[in-house]
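Please read the following report alongside the sequence and the coordinates.

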Amino acid sequence: MALASHIGGSSAALVPLMSRIVPGLLLGSLAGVVADRLDRKWVMVLSDVGRGVVVLGLLFADDLVEIAVISSVLELLTMIRQPAREAAVPTLVQGDQLVRANSFSAAAAYGTAPLGAAAWAGLAALFSVVGVLGPIDRGPDLAFALDAVTFVVSGVIVATIAVPKPTLAERAVHDPVAQRDWRQPFRDLAEGFVFVTRTRPVRRVVVGMAVALFGGSALLPLGQTFARDVLGGGDTGFGVLVTALGVGVGLGMLGVAAFSTERTRYDLTYALSLVVAGLSIGLAAFAGTVTGAAGWVLVAGVGTGFAYVMGFTHLHGAVDDTLRGRTFAALFALVRTAMLISFTLAVLAASTLDGLFPPPFDNGIRNLFALAGILILGTGLLSVVAIRSALIHREIPPQVRSSIRDASHAVGWIKEKRRVANHDE
């Protein structure tokens, strides 16, 4: 984003951002087929090493088209790696350790963002002192070189882990006919789509996360304006809100590991966490000061961290290995779609809502933030109601119903035989 701004101005920063979202909309589901059919370990390794090579291309990128192409390739490799990683997690840890594993994994992924930002700032300062070093002739170039190294290191680390092969990959070894069937990937794709859309517990989590990110992503393009102009926090106000959100998310992600037990209902805790996050965002929208908003944003971050870990843990436990990659690929694709639509509509929606209602509901940004909170809150409440209904009125599969009916007939037959025998005696 810094390089794009350097080349094309501040608005050009959207080029790499959009380039990282669009590929997932087109090919996201196919990544799930790769994760379920190929060796997940080497999918992750090749993705990491590939990104390490591709990111070096940014050292030589001189226009926005080149940046867009490189960003898209990076996203394609990331998109292939994500479902493979998530599908591999339950094969590496015991079921009762999934919450803790997901908690630490999420904290590592998002908690290192401030370290990355600090590293970028330090490298930019270093470049201003050292100056040009071969192809490194711009501020962001040192960061790209370091980024390439981190990708390769990640690939080396993953290469040392014994990751079990997917169930479908093991089956394919003994079925050479299936290996040559070019229609099999499309059948896999259709099977994954049917599973995600028709399996209610899975659908609740996938759709719930997408809707929550749709609402939450609306805050990103307008957060700085909200802090500076609406709350009067100046240029530092947005930093305070971002810090509060990051701290809250971190506390939520780590708190899950501390407070969850074997009796924890992952899906119910996930739904309740969405309720907390949505309610807090709605209250933050009408805060009068940066400090007040930061407090509610902190609580929203905690709810978000809980929801993230619990949602992933529920999917890890509820989905069979043969479908896990496609399920997470569907989740990531749907999330990307929601984020893209949200980014596109946020500014337009805020300006439409501005002055539409009487005070204190006359500020468009406050109204948009309130609607985002209501959307997330509503998603959580609907999930709670659906889970409660499922607990009260459990669905019994046809096979189980048939078994119960047969057992009932058998018991009735035995009782009748005993009655006749007693009568004869």
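**Basis and overall make-up**

This is a predicted model, in which local features need pLDDT of at least 70 and side-chain atom pairs count only at pLDDT 80 or more, while totals for chains, interfaces and linings use all residues. Residues are numbered from 1 along each chain as its sequence is written, and side-chain values use heavy atoms, with hydrogens and water left out.

The protein chain contains 18 helices and zero strands, where helices (H or I, at least four residues) and strands (E, at least two) are DSSP runs numbered from the N terminus. Of the 425 residues in the protein chain, 41% are buried; buried means under 20% relative accessible area, exposed means over 50%, and partly exposed lies in between (1.4 Å probe, protein chains only). Among the contacts in the protein chain with a separation of 6 or more, 80% are between residues 24 or more positions apart, a contact being heavy atoms within 4.5 Å.

**Salt bridges**

The structure holds eleven salt bridges, each defined as a side-chain nitrogen of Lys or Arg within 4 Å of a carboxyl oxygen of Asp or Glu. The table gives some of them.

| Salt bridge | N to O distance |
|---|---|
| Arg85 and Glu86 | 2.7 Å |
| Arg228 and Asp229 | 3.1 Å |
| Asp321 and Arg324 | 3.2 Å |

Arginine 85 is partly exposed because its relative accessibility is 28%, whereas glutamate 86 counts as buried at 3%. Arginine 228 is likewise in the partly exposed class, with a relative accessible area of 32%. Aspartate 321 and arginine 324 are both buried, and because they are three residues apart in helix α16 (residues 321–353), about one helical turn separates them.

The pair of aspartate 321 and arginine 324 also belongs to a network of salt bridges that links Asp36, Arg40, Glu191, Asp321, Arg324 and Arg326. When residues up to four places away in sequence are not counted, arginine 40 touches Ala35, Ala84, Ala87, Ala88, Thr91, Pro166 and Asp321.

**A helix pair**

Helix α10 (residues 184–198) and helix α11 (residues 200–217) pack with their axes 5 Å apart, at an angle of about 90 degrees; axes are lines fitted to C-alpha atoms, for helices over the stretch in contact, and angles run from 0 to 180 degrees between N-to-C directions. The two helices, α10 and α11, are therefore roughly perpendicular to each other, a class that covers angles of 65 to 115 degrees, with under 35 degrees counting as roughly parallel, over 145 as roughly antiparallel and the rest as oblique. On the α10 side the contact is made by Phe195, Val196, Thr197 and Arg198, and on the α11 side by Arg200, Val202, Arg203 and Val206.

**A nonpolar surface patch and helix α7**

Leu92, Leu146, Val149, Val153, Ile157 and Ile161 form a nonpolar patch on the surface, and together they have about 490 Å² of accessible area. Patches are made of residues with over 30% relative accessible area and no salt bridge, with like charges joined within 9 Å and nonpolar side chains (Val, Leu, Ile, Met, Phe, Trp, Tyr) within 5 Å. Helix α7 (residues 141–159) supplies the largest share of the nonpolar patch, four residues. Valine 153 lies in helix α7 and is partly exposed, because its relative accessible area is 43%.

Aspartate 141 is also placed in helix α7, but it counts as buried at 0% relative accessibility. Leaving aside its neighbours within four places in sequence, aspartate 141 is in contact with Leu58, Leu59, Pro135 and Ile136.

**Two further buried residues**

Phenylalanine 343 is in helix α16 and counts as buried at 15% relative accessibility. Phenylalanine 343 and phenylalanine 214 are 129 residues apart in sequence, yet 8.5 Å apart in space, C-alpha to C-alpha.

Histidine 314, in helix α15 (residues 290–318), is buried with a relative accessible area of 12%. Not counting residues up to four places away in sequence, histidine 314 touches Pro201, Val205, Tyr266 and Asp267.

Technical notes:
Areas by Shrake-Rupley, 256 points an atom, 1.4 Å probe, with all protein chains shown as cover.
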